[in-house]
Amino acid sequence: MTPHFPTAVSSLPLTLPLSLLLALLLAAPDARAETGDGLPAAAEVKAAIAAAPLVAAARADLSAESANRERLDAGPHEWTTRLMDQRRRLRSTPSEGPGGPYNEWLVTLERPLRLPAKADADRALGEQGESTARIAVEDAQHETARQLLAAWFQWLRTRVAADQAQTQAKLLARLADSTGRRLKLGDAARLEAMQAEAAAAQADAQWQQARARLQAASEDLRARFPAIAQPERVSLPAPEPLEGTLAAWQERIAGKSHELALAGAETRQARLAAQRAEAERTPDPVFGVHVGSERGGEEKLVGVSVTIPLPGAARGAAARSQAARANAASYREDGLRRQVSADIASRHALASATQIAWQRADQAARQLEASADLTARAQSLGEAPLAEVLLARRQAGEGRLAAEQTRLDALEARYRLELDAHQLWDYDVD
């Protein structure tokens with residue numbers, strides 16, 4: 001996307017202060033909406049997060065865990081039917097009568113019975129699995145919001161760079177035209193005209209490169225988050241100092257961290273799985289009933305059966321394995337808690353430092369712009385060579401670009417803290 005600038009800029013005088021020129025550019029009317037906080041619209045953010053593949057996958061996992069909870073509630077055992085049919089022949093004597101053959105059959109219906117401790121463990125495990133998946137959906141939404149924020153600010157950085165490159169290209173192009181006219185009137189040397197033309201060509205090349213980077217960033221943002229509009233103009237606020245201490249931010253973010261909540265849920269789920277494996281050391285008995293017929297119907301059979309498996313070494317090994325996995329999940333939760341705490345401290349320090357850095361960079365940029373304006377005025381009066389004007393303009397442009405990039409760094413760092421504290425966007429989708 002090519003940045004939009006009003007055509008009236010070309011009629012401004014060369015010696016107009018750069019700060020005023022930028023103000024006029026930003027104040028130009030535009031047909032598209034403008035955001036006041038430098039962020040996309042809240043409705044667009046919510047729609048983009050709801051449509052994200054990462055969130056859709058998490059919701060599919062939640063559906064799977066809901067079905068898994070139903071499976072665990074029902075239990076792993078099912079009724080089993082056994083049918084037996086046989087023919088019996090007896091070794092008989094003439095006095096005993098015929099020895100067969102006799103048709104005989106037996107029907108058995110049996111089912112393992114889950115012990116109450118195992119049923120309770122399965123029920124708790126299913127409920128915890130569903131709860132963990134629900135937290136995973138919230139974590140996926142939060143992670144998508146982080147990705148969106150990063151992609152948005154990457155687009156803004158290329159946008160600011162393209163805007164600044166275009167401003168420089170226009171300024172130097174007008175300077176080259178002015179120097180060319182002075183050369184025709186005999187008021188400028190050919191060397192100065194060549195220097196001005198070279199500087200204008202270099203600035204135009206840099207603008208073309210910045211436009212290409214902006215186009216790439218725009219396509220990336222559009223492909224990843226189609227619901228996010230890319231307005232022609234985005235107003236960037238002045239970064240404000242952070243309110244509250246680091247401890248307050250630590251408590252606020254850690255208390256609402258989906259990462260920590262998910263890690264805690266996984267630890268609880270692993271412990272429940274360990275309890276279930278420990279309960280599995282005792283095998284489930286198998287109860288059955290059977291009916292049958294022997295000696296061609298002369299004998300009728302009705303009975304019950306109880307089968308008790310004898311536990312082996314595999315059951316104990318499985319219990320120890322699940323207990324070790326539960327310990328590993330607990331250690332990972334502790335490690336993640338430390339990592340989150342360190343990340344909050346790092347981002348808090350970054351937000352504070354970049355806000356101060358922006359103030360310094362903005363002040364330096366204003367001074368460089370004022371110096372460039374004075375140098376241009378002196379050159380128009382014949383008191384300074386063109387080379388000094390070109391150098392001053394280049395330094396002013398670089399200073400302004402650095403200040404705007406530092407502004408974006410400060411805003412992104414602050415917004416990231418607010419996002420993690422759930423103070424930025426309402427992106428939760430029921």
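**Surface patch.** I looked up a nonpolar patch on the surface and found Trp79, Leu109, Val289 and Val304, with about 430 Å² of accessible area together. This is a predicted model, in which local features need pLDDT of at least 70, side-chain atom pairs count only at pLDDT 80 or more, and totals for chains, interfaces and linings use all residues. Residues are numbered from 1 along each chain as its sequence is written, and side-chain values use heavy atoms, with hydrogens and water left out.

I noted the patch rule: residues have over 30% relative accessible area and no salt bridge, with like charges joined within 9 Å and nonpolar side chains (Val, Leu, Ile, Met, Phe, Trp, Tyr) within 5 Å. The areas come from the Shrake-Rupley method with a 1.4 Å probe, and for residues only the protein chains shown count as cover. Leu109 sits in strand E2 (residues 102-112). Helices (H or I, at least four residues) and strands (E, at least two) are DSSP runs, numbered from the N terminus. Leu109 counts as partly exposed because its relative accessibility is 35%; buried means under 20%, exposed over 50%, and partly exposed in between (1.4 Å probe, protein chains only).

**Helix H4.** I checked the span of helix H4 (residues 116-184), which has 69 residues. From first C-alpha to last, H4 reaches 102 Å, close to the 102 Å expected at 1.5 Å a residue; the expected span is 1.5 Å times one less than the number of residues. Just after H4, Gly186 takes a positive phi of about 80°.

**Salt bridges.** I searched the whole structure and got 34 salt bridges, each a side-chain nitrogen of Lys or Arg within 4 Å of a carboxyl oxygen of Asp or Glu. Arg123 and Asp120 form one of them, at 3.1 Å from N to O. They are three residues apart in helix H4, so about one helical turn separates them. An α-helix has 3.6 residues a turn, so residues three or four places apart point the same way.

I then looked at Arg146 and Glu259, whose closest N and O atoms are 3.5 Å apart in a salt bridge. Arg146 is in helix H4 and Glu259 in helix H7 (residues 258-279), so this pair ties together parts 113 residues apart in sequence. Arg146 counts as buried at 15% relative accessibility, whereas Glu259 counts as partly exposed at 26%.

In helix H9, Glu404 and Arg407 are three residues apart, about one turn. Their side chains meet in a salt bridge of 3.0 Å, N to O, and both residues are buried. I also found a network of salt bridges with shared partners, joining Arg114, Lys118, Asp122, Arg276, Glu280, Asp284 and Arg315.

I searched on a 1 Å grid over the protein atoms alone: in a cavity a 1.4 Å probe fits but cannot get out, while a pocket is an open set of points with protein on both sides within 12 Å along at least five of seven lines, and lining residues have an atom within 4 Å of a point. Points are joined across faces, edges and corners, and a volume is the space filled by probe spheres set on them.

The second largest pocket holds about 430 Å³. Its lining has 17 residues, with Gln168, Ala203, Gln206, Arg394 and Glu398 nearest the centre. H4, helix H5 (190-224) and helix H9 (386-420) each give two or more residues to this lining.

I found one cavity of 30 Å³ or more. The largest cavity has about 40 Å³ of space, and its lining includes Pro239, Glu240 and Leu242. H9 gives the largest share of that lining, three residues.
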